[in-house]
Amino acid sequence: MLRRRCSHVEAATGAVADFAQNLVVLLVPPCEATRRGWMHAVVLYPLQCVESIFVRPLGHLRRHMPLLGGICVVALTLWSMLLRNVWRHVHHTLTTLSASSDPRLNFDTFWNAVEAYYVFTDASTCNWPLVHVIFGDKIDTSTSEDDLWTAIVDSMALLGDPSVRLLHPQACESLSHSSQNGMETTLDLQTPSSERSTSLRPTSAHLEFPPLVQVAPRISTLTLTQSSRTVLYVRLDAMVGFVDRSFPLDLLSPPSQPAAVPELFDVEAMRWALQSVVRPLLESTKNTGVILDLRWNHGGGSPQAALAAAAMFLPPRTPAFEIEEPLKTWGRVRRRTFHVPSAAASESQLPTYYNGPLVVLQSAHTAGTAELLVLALRHRKRTKCIGDTTAGRASGLLQIQLPNGWLVELPHQRCSSAGARGAEVKCVHGRGLKPHVPVDLVDGARAWSTALDVLYEL
């Protein structure tokens with residue numbers, strides 16, 4: 001009785017700690033609500049705080065009372081989507097009314113944004129003040145919109161960073177919608193397309209592989225059993241898009257641009273799906289191993305998505321990664337160490353995370369928050385990362401709206417290993433993460449054989 005009561009106390013303590021961490025992550029940027037100006041912060045900021053308060057209790061209610069908890073989760077999700085949809089149109093109306101097409105004002109806003117927020121100006125060979133002399137001083141009221149666009153794009157090209165982009169609002173909405181649905185997620189493990197010749201094919205002359213099973217959007221698995229050892233292959237195709245639902249009464253938006261599911265609910269859906277995958281390993285008495293495939297994962301979402309996935313393989317409160325944001329305007333640098341949250345509290349004596357052998361597959365297409373997940377797992381015990389160097393685009397992207405409605409997207413963070421491990425991986429952006437075991441993934445059979453050999457040695 002005393003042991004059971006202690007487990008309930010630990011579960012309640014873990015839920016409170018998770019809520020506090022979710023709230024801190026949202027209250028202290030980077031968070032999506034504060035990246036688009038003060039109007040988003042005033043409206044979406046309180047909404048995200050309310051969602052952070054309710055999302056984890058509803059998650060526990062869903063586990064113990066599936067019907068009632070599921071109804072509450074769906075109702076809160078639809079309500080949040082409705083509020084966001086209304087705000088999106090209100091924001092669009094306000095920005096349209098206050099828009100200015102003055103070419104000089106728009107270029108100066110762009111130049112000042114790069115000067116204040118772009119974190120890699122010091123590392124760039126570009127003399128940014130000279131850029132203003134070359135392009136900005138030649139812009140006046142007679143400059144056409146096409147010439148202004150060309151001047152801004154040419155200025156960005158001198159930075160030599162493809163992550164710095166100029167987006168038109170309509171193109172940005174289309175891109176945001178595609179990223180919410182996950183990018184490059186149609187990889188077939190067993191019958192790869194010609195465009196993905198580097199995909200890992202589980203083929204071997206000595207092994208017969210079962211078909212892939214999709215346990216949730218963006219998550220597919222297969223289990224391979226050999227004598228007393230079980231190998232679980234998990235393919236994570238994206239870090240967003242785990243809730244395949246659009247707002248049913250969205251009469252204000254065209255069908256091609258449905259309202260996106262709030263990020264917190266999407267992260268919870270991923271957490272539940274991964275827990276259903278990991279739980280059988282915790283209950284198994286056989287020797288188990290996991291191969292986590294992130295080779296075609298382009299990321300998406302915020303660092304919370306990477307932390308939720310890392311919680312399946314790391315103990316709670318483990319330092320995962322560190323994000324540094326230079327505040328040039330204030331002459332300060334803000335550093336934040338992100339810790340792994342606890343997974344769902346278990347009433348049994350089983351651990352809440354998998355601590356066995358783990359092999360992470362990575363490639364040059366592994367980008368964004370997927371790189372943060374690799375960064376969190378690469379220092380884990382009994383873990384090896386194999387494949388190619390990642391894309392080097394882990395830095396969060398800040399979107400700044402110009403007076404004419406154009407959006408400037410630029411990296412504003414430096415990502416590194418957490419704590420004392422930061423000396424090994426100091427900055428991911430532009431460099432990527434090198435694997436522990438370099439493997440040519442073009443040869444699918446050889447790559448699969450290498451993954452199994454490395455897994456068996458851990």
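Helices here are DSSP runs of type H or I with at least four residues, and strands are E runs of at least two, numbered from the N terminus. On that basis the protein has eleven helices and 13 strands. The model is a predicted one. Of its 458 residues, 50% count as buried. Among contacts with a separation of 6 or more, residues 24 or more positions apart account for 73%. The protein exposes about 21,600 Å², and carbon and sulfur atoms supply 57% of that area.

**Sheet E1-E11-E10**

- Three strands make up this open sheet, in the order E1-E11-E10, and their pairing is antiparallel.
- Strand E1 (165-167) and strand E10 (397-401) are at the edges; each has a single partner strand, so one side of each has no neighbour in the sheet.
- From one strand to the next, the twist averages 25°.
- E1 and strand E11 (residues 407-411) run antiparallel and are joined by three bridges.
- Within this pairing, arginine 165 is opposite glutamate 409 in E11.
- Helix H4 (residues 103-117) packs on the sheet and touches E10 and E11. The direction of H4 makes about 20° with that of E11.
- Helix H6 (residues 145-157) also packs on this sheet, where it touches E1 and E11. The direction of H6 makes about 155° with that of E1.

**Sheet E7-E6-E12**

- This is another open sheet of three strands, with the order E7-E6-E12 and antiparallel pairing.
- Its edge strands are E7 (332-339) and E12 (414-416), each of which pairs on one side only.
- Neighbouring strands of the sheet are turned by 20° against each other on average, with direction ignored.
- Strand E6 (residues 319-327) runs antiparallel to E12, and three bridges join the two.
- Glutamate 322 has serine 416 of E12 opposite it.
- Helix H9 (residues 303-310) packs on the sheet through E6 and E7, and its direction makes about 170° with that of E6.
- Helix H10 (residues 369-377) packs on the sheet through E6 and E12, at about 125° to the direction of E6.

**Salt bridges**

- Side chains of opposite charge can pair when their charged atoms come close.
- With a cut-off of 4 Å between a side-chain nitrogen of Lys or Arg and a carboxyl oxygen of Asp or Glu, the count is eight salt bridges.
- Arginine 165 and glutamate 409 form one of them, at 2.6 Å from N to O. Arginine 165 is in strand E1 and glutamate 409 in strand E11, so the bridge ties together parts that are 244 residues apart in sequence.
- Of this pair, arginine 165 is partly exposed, with a relative accessible area of 31%, whereas glutamate 409 is buried at 6%.
- Aspartate 137 and arginine 104 also meet in a salt bridge, at 3.8 Å from N to O. The two residues are 33 residues apart and link distant parts of the chain: aspartate 137 is in the loop between helix H5 (128-134) and H6, and arginine 104 is in helix H4.
- Aspartate 137 is partly exposed, with a relative accessible area of 44%. Arginine 104 is partly exposed too, at 29%.
- Arginine 235 forms a salt bridge with aspartate 237, and their closest N and O atoms are 3.2 Å apart. Buried means under 20% relative accessible area. Arginine 235, at 6%, is therefore buried, and aspartate 237, at 3%, is buried as well.
- Arg104, Asp108 and Asp137 belong to one network, joined by salt bridges that share partners.

**Nonpolar surface patch**

- Val50, Ile53 and Phe54 form a nonpolar patch on the surface; together they have about 250 Å² of accessible area.
- Isoleucine 53, one of these residues, is found in helix H2 (residues 38-64).
- The relative accessible area of isoleucine 53 is 40%, so the residue counts as partly exposed.

Note on methods. Residues numbered from 1 in each chain as written. Predicted model: local features only at pLDDT ≥ 70, side-chain atom pairs only at ≥ 80, totals over all residues. Heavy atoms only, no water. Pairing = 2+ DSSP bridges. Axes fitted to C-alpha atoms, helices over the stretch in contact; angles between N-to-C directions. Contact = heavy atoms within 4.5 Å. Patch = residues over 30% accessible without salt bridge, like charges linked within 9 Å, V, L, I, M, F, W, Y side chains within 5 Å. Areas by Shrake-Rupley, 256 points an atom, 1.4 Å probe, with all protein chains shown as cover. Buried < 20%, exposed > 50% of the residue type's maximum accessible area, 1.4 Å probe, protein only.
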